[in-house]
Amino acid sequence: MATKKEQLKKLNTEMLACSKCALRQGCTQVVPGAGSAEANILFIGEAPGKKEDETGEPFVGAAGKFLNEMLGTIKLKREDVYIANVCKCRPPENRDPLPKEVAACWPWLLAQIKTIQPKLIVTLGRHSMERFLPGFKISEVHGKALRKEIEGMGKANLPAGRQVFYTLYHPAAALYNGSMRETLIKDFKRIPKIIAKIEQEEIR
Ligand code: URA
């Protein structure tokens with residue numbers, strides 16, 4: 001049986017060759033994700049931006065720097081978690097990904113989740129939240145942990161039957177918005193407590 005690291009490596013190689021939607025024609029490269037295959041926490045953003053498209057790494061621009069800083073406040077480094085995006089290719093001019101692009105990329109994200117089996121999925125921003133919690137409002141659900149079944153995954157594959165999600169504002173949106181920034185930092189600092197609650201089976 002291949003290790004999680006080996007499985008992710010194989011998956012990434014397959015992802016790099018993907019051309020299932022039109023985004024691939026307009027971007028420099030596929031940005032599969034980065035971090036530890038053994039991570040407890042999987043952060044999911046929206047899609048690569050300019051810097052990510054250039055480097056092949058998720059969250060390496062200004063929003064990434066802010067994410068790194070917030071990870072530091074809870075004594076984690078990027079290498080301790082896994083960071084991925086709903087869409088693996090940069091949309092032109094950083095526009096929002098189209099529903100058909102999100103749908104084309106979904107099997108890759110699902111395979112990442114199935115491989116890593118994180119204790120906690122942290123969605124970054126509205127687009128990532130909507131992929132898992134459609135109909136929710138980020139202004140109401142941010143900073144709250146909840147369990148939900150992931151479509152296409154089956155309860156049996158999830159650590160406790162249903163996955164725990166924690167919604168955060170997107171670091172890029174919060175970067176230059178004083179009150180959203182404060183809220184994001186406050187919500188972020190609660191992550192260790194959420195993990196502890198999951199381990200103590202306090203989140204139903
Ligand atoms: N914003 C995202 O949502 N993802 C990245 O990788 C970078 C910026």
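Two strands pair if DSSP finds at least two bridges between them. Keep that in mind for this tour, where helices (H or I, at least four residues) and strands (E, at least two) are DSSP runs, numbered from the N terminus.

This is a predicted model, in which local features need pLDDT of at least 70, side-chain atom pairs count only at pLDDT 80 or more, and totals for chains, interfaces and linings use all residues. Residues are numbered from 1 along each chain as its sequence is written, and side-chain values use heavy atoms, with hydrogens and water left out.

**Stop 1**

You will find an open sheet of 6 strands in the order 1-3-2-4-6-5, with mixed pairing. Strand 1 (34-35) and strand 5 (145-148) stand at the edges with a single partner strand each, so one side of each has no neighbour in the sheet.

Now walk across part of the sheet. Strand 1 and strand 3 pair in the antiparallel sense over 2 bridges; select G35 and you can look for its bridge partner, Y82, in strand 3. Strand 2 and strand 3 pair in the parallel sense over 4 bridges, and here F43 has I83 of strand 3 as its bridge partner. On to strand 2 (residues 41-45) and strand 4 (residues 120-124), which are parallel and joined over 4 bridges. The partner of L42 in strand 4 is I121.

**Stop 1: the two faces of strand 3**

In a regular strand the side chains alternate between the two faces of the sheet. Show side chains on strand 3: Y82 and A84 point one way, I83 and N85 the other, and all are buried (under 20% relative accessible area, with exposed meaning over 50%, partly exposed in between, using a 1.4 Å probe and protein chains only).

**Stop 2: T167**

Next, select T167, which is found in strand 6. Is T167 buried or exposed? It is buried, with a relative accessible area of 0%. Leaving aside neighbours within four places in sequence, T167 is in contact (heavy atoms within 4.5 Å) with residues including T123, M129, L133 and H142.

**Stop 3: helix 10**

Select residues 191-199, which form helix 10, and colour its buried residues I191, I194, I195 and I198. Seen down the axis of helix 10, these fall within an arc of 100°, so they line one face of the helix; the arc is that of the directions from the helix axis to the C-beta atoms. What covers them includes strand 2, strand 4, strand 5, strand 6 (163-168) and helix 9 (178-189). Just after helix 10, E201 takes a positive phi of about 55°.

**Stop 4: helix 1 against helix 5**

Show helix 1 (residues 4-16) with helix 5 (residues 99-116): they pack at an angle of about 170°, their axes 10 Å apart. Axes are lines fitted to C-alpha atoms, for helices over the stretch in contact, and angles run from 0 to 180 degrees between N-to-C directions. That makes helix 1 roughly antiparallel to helix 5 (an angle over 145 degrees). From helix 1, K4, Q7, L8, L11, E14 and M15 meet W108, A111, Q112, T115 and I116 of helix 5.

**Stop 5: two loops**

Finish with N94, in the loop between strand 3 (82-85) and helix 5. Although not a glycine, N94 has a positive phi of about 60°, and it is partly exposed at 43% relative accessible area. Then select Q117, in the loop between helix 5 and strand 4. Phi of Q117 is near 50°, and Q117 counts as partly exposed at 42% relative accessibility.

Notes
Angles under 35 degrees count as roughly parallel, over 145 as roughly antiparallel, 65 to 115 as roughly perpendicular and the rest as oblique.
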